[in-house]
Amino acid sequence: MEEWERASEKGRIERCAESFQRLAEVFQYLPSQKEELSGDDLEEIYDTVQSRVCRTCGKYAQCWEKNEERTARLVYDLLTAVAEDGEESGDCPAAEERFARYCVKGYSFAQELRGSFCQARINLMWSNRMLENRAAVARQLSETAQIIQEIACTVYEADDADSELEHKVKAKLRLQNVRVQNLRIVKNSWGPPEVVLTAKTPRRHCVSVKAIADTLSKVCSRPLVPERNSRLTLGAEPATLHFVEETGYYMLTGSAMRTCAGQTACGDNFSVLTGSHGQVILGISDGMGSGVRANRESQTVIELLEQFMGAGFTAETAVRMINSAMVLQRGMQRFSTLDICGINLYSGQCEFLKIGAATTFIRRAGWVETVTSTSLPVGVFQEVDFERSRKRLEHGDLIVMVSDGVLDALPQEEQEELMKYLILKINSDNPAEFAELLMEQALSFTDGDAKDDMTILAGGFWKK
């Protein structure tokens with residue numbers, strides 16, 4: 001692609017991102033939420049009830065013209081009593097008695113006043129809910145604008161390879177019947193640079209992409225492999241191939257699950273995502289309660305996590321987007337925990353994001369480290385409350401993620417310490433076997449019955 005074409009395409013994407021951001025700003029300019037009814041709201045209730053009850057009364061002139069000040073004071077006293085006591089007790093006998101001694105329609109007036117006040121409170125609640133939903137949409141639009149902008153930078157901000165390197169690559173690949181049309185280097189924030197190669201072969205020739213990667217590795221003096229889900233072969237039609245540096249570490253994972261006794265479906269769900277940029281994502285979600293409904297809630301969270309992470313969103317952005325989606329459905333009371341562990345297979349850096357999740361354990365050489373959280377589940381508040389921590393993994397470390405049900409199976413006073421002991425006691429480096437053995441150990445404290453949904457997700461980390 002020529003330079004001016006890249007600039008044009010990048011400009012279009014950036015304008016698209018800017019449009020989403022401006023739309024988000026429109027939603028963000030909202031009035032603030034109100035905790036209580038304002039003076040203007042009470043004045044409106046006052047006028048409405050007066051119009052409904054008093055206008056047709058034969059003593060209207062006596063009350064509202066001759067004795068307006070006294071009548072108004074009694075009405076406000078009654079309204080204040082309704083605002084302070086009526087919401088909980090349902091009536092205000094003392095205030096009503098005083099007003100009834102003065103007004104021939106006193107009890108009807110008080111009943112109408114209470115009804116108008118309750119309706120105003122309901123309207124206030126729905127107004128706040130609408131403001132929350134609009135704010136959630138604004139955040140989603142803003143996050144979308146950011147990821148579109150990141151895509152524009154990643155895809156189109158690539159440097160041409162220096163002439164000497166390009167000449168060597170073309171010469172070496174020509175010996176394999178590969179005709180290189182373009183060679184570019186993409187610098188990424190997540191790790192080593194990426195090599196992007198546009199090439200084709202003569203007719204009736206076919207070359208494996210793995211063989212091309214081997215040649216590039218020798219010329220570039222660093223181990224390169226085809227990007228995950230890359231095509232397997234190159235033919236006569238020009239194609240763009242992506243090559244990334246081979247990771248220095250690898251992971252194997254295993255899991256064990258048990259459904260709460262008496263339920264037909266497990267309320268927990270988990271996922272293991274292997275990205276194309278040397279990252280592995282482990283995630284567990286525990287739905288509120290147990291059974292089919294909890295399963296559906298946690299499954300929604302995990303599916304959204306998979307889609308957002310697969311689309312290139314960061315874990316933090318994915319969490320915010322998921323929380324916004326859950327807040328928009330708050331009327332359905334959809335709350336779920338979310339426990340995310342992201343491992344960089346280039347550096348060994350490990351990042352934990354916990355939203356209402358149970359403690360995570362890292363088995364190291366002879367000891368166990370914990371990662372804890374006190375945050376609330378997703379969907380509870382408009383602003384997601386998550387806790388982040390970073391660790392450095394070493395060869396042979398084992399990450400053990402669990403749902404609440406696993407820890408709750410242990411004696412309450414010593415759950416974490418006992419879990420550390422059980423983890424160290426298990427003599428296995430196979431994550432699948434380890435997870436199953438740990439589950440059996442936890443169930444031994446409940447006579448083999450799962451009192452809650454239980455999930456264990458283990459990931460072993462090794463140097464290649």
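Let's start with glutamate 164 in this predicted model: its relative accessibility is 52%, so it counts as exposed, the cut-off being over 50%. Its salt-bridge partner is lysine 168, and the closest N and O atoms of the two are 3.7 Å apart. Lysine 168 has 41% relative accessibility, so it counts as partly exposed. You'll find both residues in helix α7 (residues 163-174), four residues apart, which is about one turn of the helix.

What's going on in a pair like this? Side chains of opposite charge can pair when their charged atoms come close.

Next, look at arginine 222 and glutamate 245, whose closest N and O atoms are 3.2 Å apart in their salt bridge. This pair ties together distant parts of the chain, 23 residues apart: arginine 222 sits in the loop between α8 (209-220) and β5 (224-226), while glutamate 245 belongs to strand β7 (residues 239-245). Glutamate 245 is partly exposed because its relative accessibility is 21%.

Now try arginine 364 and aspartate 397, a salt bridge with its closest N and O atoms 2.7 Å apart. Through shared partners, salt bridges join Arg364, Glu369, Lys391 and Asp397 into one network.

Last stop: glycine 405, in helix α11 (residues 404-408). It counts as buried because its relative accessibility is 3%.

Note on methods: Residues numbered from 1 in each chain as written. Predicted model: local features only at pLDDT ≥ 70, side-chain atom pairs only at ≥ 80, totals over all residues. Heavy atoms only, no water. Helix = DSSP H or I, 4+ residues; strand = E, 2+ residues; numbered from the N terminus. Buried < 20%, exposed > 50% of the residue type's maximum accessible area, 1.4 Å probe, protein only. Salt bridge = Lys/Arg side-chain N within 4 Å of Asp/Glu carboxyl O.
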